[in-house]
Structures are given as structure tokens and as C-alpha cells.
Amino acid sequence: MSERLYRYLLCLYPTDFRRAHGEDALQLFRDRLRDETGFLRRMRLWFDIFLDLAISLPRLHARAHPAFAAAFPARSAGAPLFLILEDEPLRPAALVCGCAITLAALALIVILANHLGPLRNLSPRAGDSEVHPINPQTPATNRAGTHPALPQPAVNAASESFASTGSGFKSGFAQSANSAVPAGITSVGSSALDPERQRVLDAVIANLDQHYFDSAVAHRVADALVAHQRSGADALAANDKDFAALLTTQMRDVSHDMHLEVVYSATPLPKPSPQDFAKMLATLQKDNCLFRKVEILPGNIGYLKLDAFLAPSDCGAIATAAMTSLNHVNALIFDLRDNRGGTSEMVSLISSYLFDHPEYMFDPRRVPTPQSWTSSPVPGSRLANKPVFILTSSTTISAAEQFTYDLKMLKRATVIGEVTAGGAHAGVFHRIDDHFGVAIPENRAVNPYSQADWEGVGITPDIKVPAALALKTALQQARAELQKNPSSLQHDSH
Amino acid sequence: MPKQKLDPLPAAAFQILLSLAEEDLHGYAIMREVADQTGGRVRLGPGTLYSSIRSLLEAGLIEELDSREDPSINGERRRYYRLSPTGRALASAEAARLADLLRVARAKKILGGGYV
């Protein structure tokens with residue numbers, strides 16, 4: 001791109017100079033282009049080139065047209081003087097060249113005007129793209145990642161996916177501190193990136209900085225994104241979809257994290273409002289928080305069909321009621337075949353009933369917090385030493401896999417059914433605007449077990465049977481175990 | 001085409017002669033050498049550099065050598081230039097002229113420092 005522009009500029013030189021040294025000049029320009037990378041050096045290079053043109057062009061043309069040069073002393077005599085510089089008409093190539101340079105100059109003015117626009121109103125919105133008027137202070141204090149212009153939604157689980165489009169302006173600044181220029185301003189003077197794309201890029205960087213679990217990697221990724229943009233690589237994307245794919249590749253090249261992704265959607269991405277969340281929560285609670293079945297099957301075997309691990313703050317009471325109603329069973333079956341995940345807090349809450357001492361519930365997405373341990377023993381619980389079975393299917397995923405994985409690793413449950421879906425680290429989606437979003441894994445915890453977690457591979461059941469047969473198999477296993485070890489029927493730890 | 005006058009010797013031309021004093025160089029290396037010897041103040045652009053080189057060639061102050069590769073950069077062939085005996089003499093005369101000027105400046109206390 002730069003080289004082509006310089007090639008056009010070379011057309012301004014007299015033909016004989018171009019013939020003799022045009023290639024040399026181009027080679028020198030290429031050498032400098034290769035050696036002088038980085039924003040400031042590039043600016044200096046272009047400054048040099050234009051200064052050089054201003055100095056050398058008149059001199060070379062004066063040499064090429066001695067009559068013109070000789071005309072100057074004559075002019076000083078006070079008489080106007082007209083000279084014909086060329087005997088031949090203008091070459092078509094010269095006309096084309098002139099047009100190209102004029103267009104380039106106009107384009108440069110338009111680009112500069114576009115980039116200088118946001119500078120003037122002194123309210124850069126690095127990670128923001130919404131139409132709400134936003135107090136720049138709000139996002140900075142809003143680390144929870146909810147929309148700054150709206151009240152905090154009541155649903156914890158949902159607030160994650162609702163997470164920030166108006167992400168930290170403050171962090172956007174912090175990020176770009178290495179280049180000593182605020183994020184909103186980095187665009188100015190850098191290579192010609194569409195302002196719309198610049199806004200998406202700034203939002204991606206601000207979100208990365210705020211949400212990615214490894215801030216060092218986030219910085220490296222952000223630097224790479226900015227470098228690619230400055231080098232003009234981003235301009236290669238023909239459309240928005242390609243642009244999103246290009247950013248995704250650039251992020252993955254540096255981070256080697258396959259869960260980082262910039263998403264483009266031709267149809268507008270949904271934008272849930274707090275009302276939507278309240279409505280969703282009401283529906284879920286009416287649906288018993290997806291505790292689909294709480295039954296005691298023949299042989300005093302408890303059966304809990306759970307389709308989601310919703311946040312304890314919303315569904316804790318229903319979970320406690322369900323576990324209490326199963327307190328006197330001899331064995332317990334968790335049916336997670338239709339479970340689509342949820343929160344690790346609910347995983348910990350339900351698991352609390354199954355141990356007589358606190359156990360660490362490893363979640364690859366979350367650095368350990370006090371909620372990562374079960375609050376065992378639960379007063380009055382009789383389930384701590386009862387056999388536990390977990391039913392899985394090929395669609396059991398996420399938090400349901402965490403529950404399955406941890407209980408399997410702790411040798412607390414027998415897993416029966418199919419290999420699970422294998423979704424461990426998937427990023428949290430952050431909406432940027434109607435069409436762009438970015439998925440960012442927010443945490444990564446050290447696996448206490450000596451093997452990799454279930455990401456991409458799923459959890460292999462202890463007893464592999466088709467999902468449809470899992471309950472039947474589990475009942476057989478439970479009855480066999482209870483018969484083999486009748487002591488557990490009488491044993492009462494409390 | 002008339003030759004560009006090299007009397008007085010333009011600053012850029014003098015810098016190029018100085019850069020070639022110790023070894024033969026190609027255009028980009030001359031540019032870098034000039035930048036080095038002026039502490040980065042003078043960065044000759046392609047137009048200025050090659051128009052000066054052309055004048056110096058025409059005046060016989062430098063000579064063009066066969067093009068060859070510079071292994072320290074890349075595989076491209078480059079034209080190398082060498083200071084001719086006339087060029088060396090002229091550069092030396094120019095340096096002497098400047099040294100004379102310096103002596104005057106020091107004598108008139110415009111410039112501090114030791115005697116040249």
C-alpha cells in the first residue's frame with residue numbers, strides 16, 4: 001500500500017530521473033519501510049518523503065527545464081514571462097498519475113477529518129458503542145460488567161451473558177498507556193482504518209483488557225491488534241465478517257486461546273434489557289428453577305432431574321427444598337441428561353449435601369473463591385455417605401459437566417450414560433453493537449487433578465450406555481450396590 | 001541536460017562524499033551513514049539523495065560500481081558508489097575551507113572549544 005503510493009509519487013519526478021534512479025529510490029523507500037516500523041517512525045518516514053519531494057522536485061524540474069530556471073532572473077526585471085515547458089502534449093500516463101495523486105490527497109483529507117472528529121469532542125468512548133449518553137465515570141466503576149446506563153439486573157447467571165458492551169473506558173486508557181496515547185486517540189494518524197472498524201477494534205481491546213483472565217496475555221493481544229491495524233493489515237478484510245475472522249485469527253495467533261473470538265452477525269444480536277431478565281427469572285422460578293423431577297423411586301432411591309444449575313441467589317431455596325425432600329433416601333440419582341449448565345455456585349451448593357467435610361469443586365473457568373468449596377457438612381443432611389449416580393448424555397455441558405467431573409474425580413459418584421459435550425472454557429460473550437460481539441474466557445483455574453479437564457473431549461462415564469438406558473442402568477446399579485452393602489441402609493451418620 | 005552546479009558544494013553532496021570516505025556504499029547505506037555522521041539530524045530522502053548522487057557522478061566526484069547484493073539486507077541487487085580521487089580531493093578542500101571558517105569563528109569568540 002505504502003509502496004504503491006510512493007510509486008505514484010515518483011511519477012512527479014522528471015522522466016529521465018525516474019528512468020535513471022526511479023528503481024533505486026523505490027528500493028530505498030522499501031528498505032526504510034522494512035526497517036522503520038512503529039507508528040512514530042512511520043510518521044517520520046512519510047514526513048521525510050514529503051519534505052524530500054518539496055526540496056528535490058523543484059530542483060530536478062529546474063534541471064530538466066533550463067529555460068524555466070533561466071526565467072527567474074528575467075522575472076525579476078518586472079516583466080511577466082510565459083514559457084512553454086514541453087513541446088509535446090501531456091502524456092496520458094502523466095494525466096492518470098495526476099488524477100491518482102489528487103484522489104490520494106482527497107482520501108487523506110477525508111480520513112484525517114474522520115479521525116480528528118472524535119478528538120474534538122473530548123469524550124472518547126473506547127469500549128462503548130451504544131447510543132445511550134454515557135457518563136465516562138460510570139463504566140470505570142462498573143467492574144461487574146453490566147451496562148453502565150442501566151440498573152444492575154437481578155439475575156446473576158444472566159448478568160454474565162449480559163456483560164458489558166459499555167466496557168471500561170478506564171481500562172481502555174490503561175491498556176494504551178504503553179503507547180502513551182489514549183485508546184480513543186490511537187486511531188488518529190494511524191493507517192486508514194474505517195472509523196466503524198476502529199470502534200469495534202477499540203471495544204474488543206477494552207473488553208479484553210477488562211475481562212481476559214491473563215492480563216499480560218491480554219496486553220500482548222491488544223498490542224498485536226494495534227500493530228496489525230497500523231500496518232494496514234486490517235484493511236485487507238473485504239467485509240465485516242472477514243474483519244471479525246481476521247481479528248479472531250490475530251488474537252488466537254498471539255494468545256493460542258481458541259476461545260477468544262470476535263463474532264459478527266448479519267442479523268442484529270439480541271440486546272436483553274433488565275425487564276427481559278426479570279421476565280426470564282420469573283418464568284424460570286415458575287418452572288421450579290428447572291428442578292424437573294424430585295422423586296423417590298422404589299427401593300428408596302432418590303431421583304433428581306435437574307436441567308440447569310441456576311444461581312443460588314435466585315434458586316437457592318428451591319434447591320434446598322429439593323435436597324431436603326431427598327434427605328432420607330438410600331441412594332441418589334442426579335439426572336443431568338438434559339442439563340445445559342449454569343453457575344458453579346449452584347454446583348457447590350448441591351454438592352455440599354454429598355460430603356461430610358468441605359471439598360474443592362474445581363471449575364476451570366473460575367479462580368478459586370470461598371464458593372468453590374462445598375459448605376459441608378450441611379446440618380441435618382443424611383446424604384453424605386449415600387451412593388450417588390449421575391446420568392449424562394452427549395448434550396450434558398458446562399456447569400453440569402463441572403458437577404459430573406468433580407464428583408467423578410472425588411470418587412463420590414458413578415457416572416452412567418454417554419460421553420458429555422465437552423464445553424469447559426467457553427468465553428463469556430460481550431456485545432459490542434448490533435452486529436459485533438467478542439467472546440472472552442474470563443478465568444482459568446489450575447486443575448488439581450492430574451489429567452486435563454473435559455474441554456473438547458467431554459467426560460467419559462464409568463458405565464457407558466445410551467442416554468435412554470442410563471436411568472434403568474443406574475437403578476440396577478443402585479439396587480445391586482445397596483444389596484451388596486446393606487449396612488449403608490441402616491448406617492446413619494447423624 | 002546541464003550539470004547541477006557543485007560550487008559551492010551543497011551540504012548534502014558533501015555529506016555523501018564524507019560517507020563514502022571509508023568504504024563503497026549503496027544508496028540506502030549512504031543514507032544511513034549520513035544519518036549516523038550527523039547524529040540523526042540529516043535523513044536524505046530518495047529524491048535528494050539520488051539527485052545529489054547524479055550530480056556527483058556527472059562531476060566525476062564519485063564512481064558507480066557494478067551492482068551487487070548486500071548480504072546484511074536482502075537478496076536485492078544494489079548499485080554501489082565509490083569516492084573518486086577528485087572527489088576525495090574536493091571533500092578534503094571543503095573540509096579545509098570549513099576548518100578555516102571554524103578558526104575564524106573561534107578567534108571571534110563565536111564558538112568555544114579547542115583549536116582545529
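Colleague: Which residue stands opposite B:Arg68 in β4(B)?
Modeller: This is a predicted model, in which local features need pLDDT of at least 70, side-chain atom pairs count only at pLDDT 80 or more, and totals for chains, interfaces and linings use all residues. Residues are numbered from 1 along each chain as its sequence is written, with chains lettered from A and ligands numbered from 1 in the order in which they are written. Strands β3 (residues 68-70) and β4 (residues 74-78) of chain B run antiparallel and are joined by 3 bridges, where a strand is a DSSP run of E with at least two residues, a helix one of H or I with at least four, both numbered from the N terminus, and pairing requires at least two DSSP bridges. In β4(B), the residue opposite B:Arg68 is B:Arg78.

Colleague: How many residues does the hairpin that joins β3(B) to β4(B) pass through?
Modeller: Chain B has 4 helices and 5 strands, following the pattern α-β-α-α-β-β-β-β-α along the sequence. Within this chain, the hairpin links β3(B) to β4(B) through 3 residues.

Colleague: Which residue of β4(A) is the bridge partner of A:Tyr303?
Modeller: In chain A, β3 (residues 301-306) and β4 (residues 331-335) run parallel and share 5 bridges. The bridge partner of A:Tyr303 in β4(A) is A:Ile333.

Colleague: Which are the edge strands of the open sheet in chain A?
Modeller: The sheet contains 6 strands with mixed pairing, ordered β2-β3-β4-β5-β6-β9. Each edge strand pairs on one side only, and the two are β2 (291-297) and β9 (463-464) of chain A.
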